[in-house]
Amino acid sequence: MDLLWDGWVWVALAVPVLYALDAVLDVFFVGKSIYRNPVHATVLTGLFSGLVLLILIVDNSPHEKPNLLVLIAALVNGAVYLFHVYFYFRALFKLNDSSNLEVFLGFSVFLVPVLAFLFLNEKLIFNQYLGISIALAGVIILTIASIKRKSFVETLFPITGAVVLLSITFVIQDEIYQHVNFETGLKYFIIGKVMAALLLWLGTECKGVVASAKQFGPLFIFSQFLGVLAVVFVQRAINISPSISYVAAIETTTPLFIMLFSLVLFPFLSVDKSPNTAFGIIKEQLVKIPTKIIAFAFLLTGIIFITTPESISLTFN
C-alpha cells in the first residue's frame, strides 16, 4: 500500500478515476434532486471535506507548525478551491453534462505549466513540453466534439472561472508543500475549504443543507466520499510528483473515465429518452465516441511523453 501511496503516477491516475465516478453521480443530484442551486451544492461539497480533518485527528499523523505566511496561503488556497467548485456547479446547472464540463477543465493542462513557469520558475525539457502540447491537442479535439453553440455560450464564463481557479490552486499548493509536510499542508487546505463553505452557508439563503444530505441517503454520502478522496489524492499527487504540470496532464483523462463508467452503467438503466432522466443524462456522456477515442489517443500519447521523458529522449537520440 505504501508503494502505491508513494508512487506519484499511481496516485495521479487515481484522481481522474475518482473524479469521474463522482461526476457521473453528480448529474443525478442536480436540479430536482439534492442540489437545489450552485451555492447549495458548493456548501455541501465543502462541508463534507471536514471528514478529512476527522481522519487526520484520529490518525494522529505528524504535523508541522507552518509560519504565518504559509498557514494563510494554505487557508486561502482551500477557499479558492471551493470557489472553483462553485463555478463548476454554476456551469453544471446550465448544462447537466459532467463529461463536457470536465473537457473544459482539461485546459488546465496548458494553464498550469504557464503559471508554474511564471511564478515557480519551473522549467521542463522539450519532450515534456511536447507531451503537454499533444495532450492539449487532445483536449481541443474533445472540446470540438463536445461543444454545442448555445451551451458553450452559457457555460463559458463559469467554466473559465473554474479552470483558472483550479490551476491557481495547483501552483499555490505546490509551493506550500515546499515548506510543510503533506499532512500539514492538507490539513490547512481543508480547513480553508471548510471555513469558506461555512461562510458561504451563513452568508446566503442556502437553507436545509443538513436535511438535504440526510434525505438522499447512502448514494449521496458515497458520492461525497469519492469527491473528498479525489481531493486528497490530487493533493498527494501535487506533493510527490516531479511537476504539477504532470498532475494536470493526467487529470485531463477524467472525461475518458466518465465515458467508460457511463458505458458500464448504461445497460442497467430503464429506457426513458427524456433529457433529464438517468437514461438521458448517461446517454449524453456517450455521444461522438469515435471522435472522443481519437482525442483520448492524443491525451494518452501526451501523458506518455510527459511521464517518461528520459526514456523517450534516449530513443530519439
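User: Where does Asn-121 lie?

Analyst: Asn-121 lies in the loop between α7 (108–120) and α8 (126–146). Helices here are DSSP runs of H or I with at least four residues, strands are E runs of at least two, and numbering starts at the N terminus. The model is predicted, so to speak of a local feature takes pLDDT of at least 70 and a side-chain atom pair takes 80 or more, while totals for chains, interfaces and linings use all residues. Residues are numbered from 1 along each chain as its sequence is written, and side-chain values use heavy atoms, without hydrogens or water.

User: Buried or exposed, that Asn-121?

Analyst: Asn-121 counts as exposed, because its relative accessibility is 53%. (Exposed is over 50% relative accessible area, buried under 20%, partly exposed in between, with a 1.4 Å probe and protein chains only.)

User: What about phi of Asn-121?

Analyst: Phi is near 55°. That is a positive value, and Asn-121 is not a glycine.

User: Zoom out. How many helices and strands does the protein have?

Analyst: The protein has 17 helices and zero strands. Its chain has 317 residues, and 55% of them count as buried.

User: Show me a residue inside a helix. Where is Thr-169?

Analyst: Thr-169 is in helix α9, residues 149–176. It counts as buried because its relative accessibility is 3%.

User: What does Thr-169 touch?

Analyst: Leave out residues up to four places away in sequence, and Thr-169 touches Asn-77, Val-80 and Tyr-81.

User: New topic. How many aromatic pairs?

Analyst: The count is nine. Rings of Phe, Tyr and Trp (its six-membered ring) pair if their centres lie within 6.5 Å; planes under 30 degrees apart are stacked, over 60 edge-to-face, the rest tilted. Trp-5 and Phe-182 form an edge-to-face pair, 5.8 Å centre to centre with 75° between the planes.

User: Where do Trp-5 and Phe-182 sit?

Analyst: Trp-5 is in helix α1 (residues 2–6), and Phe-182 is in helix α10 (residues 182–202). They are 177 residues apart, so this pair links distant parts of the chain. Trp-5 is partly exposed at 26% relative accessibility. Phe-182 is buried, with a relative accessible area of 6%.

User: And how do the rings of Trp-8 and Tyr-246 lie?

Analyst: Their centres are 5.4 Å apart and their planes are at 35°, so the pair is tilted. Trp-8 is in helix α2 (residues 8–29) and Tyr-246 in helix α13 (residues 244–251), 238 residues apart. Both Trp-8 and Tyr-246 are buried.

User: Back to Trp-5. Which residues form its aromatic cluster?

Analyst: Trp-5, Tyr-177, Phe-182 and Phe-233 form one aromatic cluster.

User: What sits over the ring of Phe-182?

Analyst: The charged end of Arg-236 does, 5.3 Å from the ring centre. (The rule: NZ of Lys or CZ of Arg within 6 Å of the ring centre and within 35 degrees of the ring normal.)

User: How many salt bridges?

Analyst: The count is one. The side chains of Arg-236 and Asp-6 form it, at 2.7 Å from N to O. (A salt bridge is a side-chain nitrogen of Lys or Arg within 4 Å of a carboxyl oxygen of Asp or Glu.) Arg-236 lies in helix α12 (residues 218–240) and Asp-6 in helix α1, so the pair ties together parts 230 residues apart in sequence.

User: Is Arg-236 buried or exposed?

Analyst: Arg-236 is buried, with a relative accessible area of 9%.

Conventions:
Contact = heavy atoms within 4.5 Å.
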